[in-house]
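Hi there,

Here is the structure I promised to pass on. Have a look at it first, and my notes on its charged side chains follow below.

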Amino acid sequence: FNIYADVAWAIHLTRRSGKDGAQIRLNFQMDVRTWVPMAASISGKDQGSETAAVAPDLLADVIYLVDRNFIDFDFFKAVLDKGSDFVVRCKDNAPGFQATQERPLTDRDQTDGVVSDRVGILPGRSAPDRTMRELVFCDPQTHQSIRVLTSLLNVPAHLIGILYRHRWQIELFFRWLKVWGNFEHLITHNRNGLTIQFYVAVIGVLLLYQATGRRVSKY
């Protein structure tokens with residue numbers, strides 16, 4: 001979220017216009033089955049990377065569905081240490097993967113666009129010391145390949161694809177927050193104040209929907 005550049009704790013950047021700017025990061029975890037927020041926090045430059053900011057709020061016994069910004073061995077380890085699993089989209093060539101087994105694909109896997117299903121390890125001293133799984137899917141709309149890495153070893157390949165598709169729910173949630181929560185402008189530069197603003201927006205819109213039974217507009 002954009003914020004004025006004079007906020008010391010924000011992440012400073014240069015805008016396309018050449019002017020100084022800054023952003024804050026909303027670290028948000030959402031249950032994709034129910035759209036219920038599970039954890040939220042505000043961070044700036046002092047929290048470092050996106051994965052470092054999320055790590056303190058990781059939950060146990062869940063499956064994290066994340067995108068390429070979360071390719072971080074420390075994040076993988078933190079999730080596994082919590083007793084949770086992850087499904088993360090990877091770049092075509094990173095991270096590296098050393099396959100030890102090529103798994104056969106079922107008819108259902110092939111129908112759902114699974115191209116390959118391999119088990120192996122992530123090379124590197126900082127990589128998690130655990131067997132991982134690499135799957136490649138073909139997007140039926142764009143016909144592009146999607147490479148996915150997961151710690152789930154015993155889930156059918158086509159179900160991994162279904163799980164990853166649910167990652168898009170968080171993008172829809174942010175769109176909902178900006179449009180229906182009318183979250184175009186930040187009303188404070190204080191970290192605690194911003195956290196309250198996000199909570200008020202989410203709680204307020206949900207209460208209005210519960211009371212009216214209709215889609216909530218900014219009016």
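Asp117 and Arg133 are both buried (under 20% relative accessible area, with exposed meaning over 50% and partly exposed in between; 1.4 Å probe, protein chains only). Their side chains meet in a salt bridge, 2.9 Å from N to O; the term means a side-chain nitrogen of Lys or Arg within 4 Å of a carboxyl oxygen of Asp or Glu. Asp117 sits in strand 9 (residues 114-121) and Arg133 in strand 10 (residues 132-138), so this pair ties together parts 16 residues apart in sequence. Helices (H or I, at least four residues) and strands (E, at least two) are DSSP runs, numbered from the N terminus.

Please keep in mind that this is a predicted model: local features need pLDDT of at least 70 and side-chain atom pairs count only at pLDDT 80 or more, while totals for chains, interfaces and linings use all residues. Residues are numbered from 1 along each chain as its sequence is written, and side-chain values use heavy atoms, leaving out hydrogens and water.

The count comes to 9 salt bridges. In one of them, Arg191 pairs with Asp46 at 3.1 Å, N to O. Arg191 belongs to helix 6 (residues 191-212) and Asp46 to the loop between strand 5 (36-43) and helix 1 (50-54), so the pair links parts that are 145 residues apart in sequence. Arg191 is partly exposed, at 23% relative accessible area.

Asp112 and Arg108 also form a salt bridge, with their closest N and O atoms 3.1 Å apart. Asp112 is partly exposed at 22%, and Arg108 is partly exposed at 44%. Finally, Asp67, Arg167 and Glu171 are joined in a network of salt bridges.

Best wishes
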